Amino acid sequence: MDVLWAASTPLTAREVQDGLGSRELATTTVLTVLGRLERKALVTRTRDGRAHHYRPVASREDHVAELMRDALDGAPDRGAVLARFLGSIPPDERAALRDLLG
Amino acid sequence: MELTALALLVLGVVLAEPASRALATARWPARDPVGALLVWQAIGLAGGLSLLGAGLVYAVAPLGDSPAPAFATLADAVVAGRLPPEVRTAHVLALVATVLLGMRLFVVLASVTIRTLKARRRHRDLLDVLATPWPDAPGTRVLDHPLPVAYCLPGRSSRLVVSAGVLEVLEPDEVRAVLAHEQAHLRERHDLVVLPFVAWGATAPFVRGMVCAQLAVAALIEMRADDVAAARAEPHELVGALRAVGGSAPAAALSSFTTALHARIGRISAPPEPLAAPLRLLVRAVAVALVAVPTAVLLLPG
C-alpha cells in the first residue's frame, strides 16, 4: 500500500514488487495481496493492454480521516460499531459536532 | 382473556414510557451499573413480549380460556385453511397488527446488525492497513492523527485503537487506564448490550422513552467500564486521562459533552456508595420478575 501511495501513477504488480525492494516476494504473492486490497475497496485495477495497473482508491490521509470520522461521530447507535473512550453525544448536538470537525 | 390482553398491553406501555423515563432519570443506577443494565435488558425484553403478547392474546380470546391452547386451536384452523367462526374482524386486525410489529422489529434488528457488521469490517480493513502496533501494549494500534481519540472495535476479531494525539497528551500510565476502560467494553461485549436498544430506537424513534433508554444504556456501559478501569489502574490516572482527552476533544465545545464529562470525572474521583447487598439482590430479582411475568401469562394455563 505504501508503494502505491508513494507512486504518482498507477503501478503494475511487477512495479509494486520492485518498489518493495524485496526479491524474495514472488509476483504471485504480490498479486494475491493486490487482489485482496481490491476486494476491500482500497485499490482499483485498470487494464492497459495485457498489463493490469493498480492505484489507490484514496490517499492515506483520506482513509485516516474516514477512520477519525467513524471514531468521532457522536451518534449513540455507533456504539454498536465501536466504543469510544468519551461516550456518545445526544443526537440534537451531532450536527454541531460535525461542524466543529469541518 | 380480554382482561389478560389488556393487562399485557398496559404492562407494555408502562414499560416503554413511564418506566423507561423513570429509570433513565433515577440516581441509583450510578451506584449499581450492572444491576441497572440488567433491569434495562429486562424492560426491553418484557416490553416487547407484553406488547406483542397483548395482540396475540386478544386475537385468540374467543377460542379458549388460556392463551397457549387457544394459539394452538387458531394455528390448526389456519393451517387447515379456515377461520374459526368465533374470530371476528377486530381479532383478525389485532393479529395482523401484532405480526406486522413483530416483523418490523425483526427486520430492523437484522438490518441494524448487518449494517453494524459491514461498517465494522470496513473500519477493521482500513485499520489493519493504516494503523501501526503500539509496542507498549500488545494488541493496541496507533492511528496517526493529532486529534486525541481512543476507542475499540468490538466483535470476534476486535481492535484497540489510540490516536497519536492521545499518546501526545497522556502519560503511559494514563494510556493504560484508557486501555483498561476499552478492554472492559470488549470483554463484556457492551456492543451486544446496546444492540437491542439501538433496534428499539430505530423501530419506534417517536417514543421518547426508547430514546431515553438508548442514552441511559450508553451512559451505563461507560460507568461500568470506568469502574473496571478504576479497579485495575489508579483512579487518578483515569481522571487525568479523561481531563486531558476530554479537554482537547473536538466535542469539548459542546456544553452537554462537558457536563457529562464532569459527571464521569466526579463519579470516579468520589465514587458513590455502592448499593447495599440486599438492594442489589432486589434489583436483580426485579429484572427476573419483569421477564417472568409476561412469559408466565403467555405460556401457563390460565
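**Chain by chain**

Mentor: Among chain B contacts between residues at least 6 apart in sequence, 69% join residues at least 24 apart; a contact puts two C-beta atoms, placed from the backbone, within 7 Å. Bear in mind that this is a predicted model, where local features need pLDDT of at least 70, side-chain atom pairs count only at pLDDT 80 or more, and totals for chains, interfaces and linings use all residues. Residues are numbered from 1 along each chain as its sequence is written, while chains are lettered from A and ligands numbered from 1 in the order in which they are written.

Trainee: Which residue of chain A does Ala150(B) touch, not counting residues up to four places away in sequence?

Mentor: Within chain B, its contacts include Val161(B), Val178(B) and Val245(B). From chain A, Ala150(B) touches Phe85(A).

Trainee: Why is Val129(B) partly exposed?

Mentor: Val129(B) sits in helix α4 (residues 89–130) of chain B. Buried takes 20 or more other C-beta atoms within 10 Å of a residue's own, exposed means 12 or fewer, and partly exposed is in between. Val129(B) is partly exposed because its count of other C-beta atoms within 10 Å is 14.

Trainee: Which strands of the open sheet in chain A stand at the edges?

Mentor: The order is β1-β3-β2, with antiparallel pairing; strands pair if DSSP finds at least two bridges between them. Each edge strand has a single partner, so one side of it is left without a neighbour in the sheet. Those edge strands are β1 (11–12) and β2 (43–48) of chain A.

Trainee: What is the bridge partner of Thr12(A) in β3(A)?

Mentor: β1(A) and strand β3 (residues 51–56) of chain A pair in the antiparallel sense over two bridges. In β3(A), the partner of Thr12(A) is His53(A).

Terms used: Helices (H or I, at least four residues) and strands (E, at least two) are DSSP runs, numbered from the N terminus.
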